[in-house]
Amino acid sequence: MNEVTGREENSSSWWRIFTLKESVLKKWQFERSMRKEHEAEQQRYMDEYMDEIKKPQAEASNKITEPQAESSETFGDIDSHEKISASHLRLGVVSIALFNEDVMVYACSGAAVRHWHANIRDHHRIFVTSARLAHKFNDNRTRDDNLRIEVYTHDNATLQRFLGLYDENLDIAMVTSFNLKCVYTLDTCNPVDLPRGTRNNKLFAFGRATTGTLMGTKCSHPVFNDKGLVSVTCKISETGLGGPVIYFGRDGSGHIAGLITGYCQEKTTFVPTKILHEWLKSLLLITSETSHFRGYSLPDGVKTVIPSGFVVRSKILQSLGYPLPPPLVFELNGRLASRFEEYFGQFHYWDGYPFDIPYRYGGEKLIWEQFGKDVMNKISQCVVTIASFNGKIRSFACTGLLIKGRDCPFVLTSASLVRTGDAEGKINETLSIEVFLPPNHSTEGILEMYHQNYNIAIFRLKHDLNTAISPQDIFTSQESRNNKSVVAIGRAPKGAHGLLMASMGEVKGKYNVVTKRKNKHLTGPRQGLDLDCEELLLSACQIKEAGIGGPLIGLDGSFIGMNFYDESGTTPFLPRIEILRVLYKGFSLLERGLVSRPFNMDDISNYLTSKGPKFIRHQTTRKRKRNLWPVSKPYWCLGGQGDVLDQLRGKVLM
């Protein structure tokens, strides 16, 4: 008997070891596969970027252009040099060089100006220069992406520097330096009133070579063009681009008259100080007054420069439909808020997920352990992530619920998935849809019908997901009456590994009633978005954008409603009874062949006849204002910036 027992124990021990090894091997295989996919994706985005910049480079090389002086060429005369040598304005003229690793590929001049980024607390300085620097930066990118900018002052000090943005209309670029060194700045607040069309021998163009040499030459005959730019007669070299034009008055005092942006033979073009000052003020106003850049956009013709090392990240962001950040936000570790990839609640990992993260919920009871095993399996097999695409660019991503249909499963989710995102919230029926279950099961979704007023959309699976699924029967299953605690379920997007997420709370009552009652006690503006659907209820669950369209369930797995998101820290949801009322009507019309797919259920009354069901005719006689379903758009922020120099320490600057 003991011998048999011993053999059984050995067999059991061997099986546990075998199962453990198999589990570890499975996770290792998933991890290797996911890392390879990630590396391939990065390589693909870099290849796409290199193909994009090759075309304009090839077009530019085919154009016939006048020969230009080399960046190393100097210019000027002794009289001009003596003129500025006695002025402190010489201290504000710098040299700006572009390097690819240790090789200088371009150099020009620049001017330090008396402007700052209000949202950057650390010591910094802004330089303006020619937009040629930005064009050269983009033209000289390679796969290594190791370009960097260096700024040299009058005493040959080298400053930490970032190329932020440039204006294609005015040919101006902005460079920001983070350094404790004090640099004299040129004041653009008091523009010089230049006489038009007359000889003026009090103007001088200046620049600085990378060797520290200050260069200057006389200018004459200022002529204004239609854009307000000024053309003068003087001869400079490429090195002088971005340098200042100085006006010396009768008393010998100097004032900045403009910034050199172009030259051709003996003609030089510069942007007058007044235009330069307004340009700086408007752009710094856009990016400086707040650390949260909601609705951020740049004027026409103004573009940001993608910093070195951020090309792949920027391409990924654009493919996900996200905006690129304002200047310096990449470099200062800015954060993109209101992303679809933001997690909420407590995670549940799919079988074989290789990147286990330990639970840290501060003594909070684990939600997933409160479900039974059968409920857990059903949740894993019926909650999907669903995304819409306009071409290759993702438009929206949220959660969906697989539900049983008469002949096939459908996905129930929010109609925000196919909205255009404008104020009217129109539905774009041409978007392509991807339905995903981890680790790697996906298929195309076909829009069957939608209801804009209730924000409901139904999709049919074009092909099987090739994995076990368990669609919920929300039509015949009974809703549990013992649902004091409810759970909002969501699934992260495909790029965030499709992890299940859960947040627990209680139903608080009707959304509009609770919200109005809560707003009465607010001293400041209400936090969150306003949803005006009268049928909405409210739960205390806390979700993010990824949870939109996900199910609200009881601990027994019963379907209670569909979740939405309003940034308030609570979760509005459309109750099951309202969803069923809409779906019964829609499926009835589809099955009777009275409508074509995709079907707008808001227009349901147009398809009804006098012989239609009484409950349908009754429900469609009431007309009211269409409900609005706003969704917060992603935006960049500089939360918890701290000391900029500490953030930059040890980094390789561009």
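The exercises below, each with a worked solution, concern the predicted model shown above.

Residues are numbered from 1 along each chain as its sequence is written, and side-chain values use heavy atoms, with hydrogens and water left out. Since the model is predicted, local features need pLDDT of at least 70 and side-chain atom pairs count only at pLDDT 80 or more, whereas totals for chains, interfaces and linings use all residues.

**Exercise 1. The chain as a whole**

Task: State how many helices and strands the chain has, and what share of its residues counts as buried.

Solution. Step one is to count the elements, taking helices (H or I, at least four residues) and strands (E, at least two) as DSSP runs numbered from the N terminus; this gives ten helices and 32 strands. Step two turns to accessibility, where buried means under 20% relative accessible area, exposed over 50% and partly exposed in between (1.4 Å probe, protein chains only); of the 654 residues, 50% count as buried. Step three considers contacts, meaning heavy atoms within 4.5 Å: among those with a separation of 6 or more, 69% come from residues 24 or more positions apart.

**Exercise 2. The largest pocket**

Task: Describe the volume of the largest pocket and determine which helix gives the most to its lining.

Solution. Rolling a probe the size of a water molecule over the atoms shows where empty space is left. On a 1 Å grid over the protein atoms alone, a cavity is a set of points where a 1.4 Å probe fits but cannot get out, while a pocket is an open set with protein on both sides within 12 Å along at least five of seven lines; lining residues have an atom within 4 Å of a point. Grid points are joined across faces, edges and corners, and a volume is the space filled by probe spheres set on the points.

With these terms, the largest pocket has a volume of about 1300 Å³. Its lining comprises 37 residues, and those nearest its centre are Glu37, Glu41, Leu320, Lys494 and Gly495. Helix 1 (2-62) is one of the elements that supply at least two lining residues each, the others being helix 5 (311-319), strand 18 (383-390), strand 19 (393-404) and strand 21 (432-437). Helix 1 gives the most, with ten residues. For the classes, Ala, Val, Leu, Ile, Met, Phe, Trp, Tyr, Cys and Pro count as nonpolar, Asp, Glu, Lys and Arg as charged, and the others, Gly among them, as polar; the pocket lining then has 17 nonpolar, nine polar and eleven charged residues.

**Exercise 3. Enclosed space**

Task: Count the cavities of 30 Å³ or more and characterise the lining of the largest cavity.

Solution. The count comes to five cavities of 30 Å³ or more, and the largest cavity holds about 80 Å³ of space. It is lined by 13 residues, with Val305, Pro307, Pro325, Pro326 and Phe330 closest to its centre. By class, the lining of the largest cavity has ten nonpolar residues, two polar and one charged.

**Exercise 4. An open sheet**

Solution. Strands of a sheet pair through backbone hydrogen bonds, either parallel or antiparallel; here two strands pair if DSSP finds at least two bridges between them. The strand order is 5-4-1-2-3-7-6-15, with antiparallel pairing.
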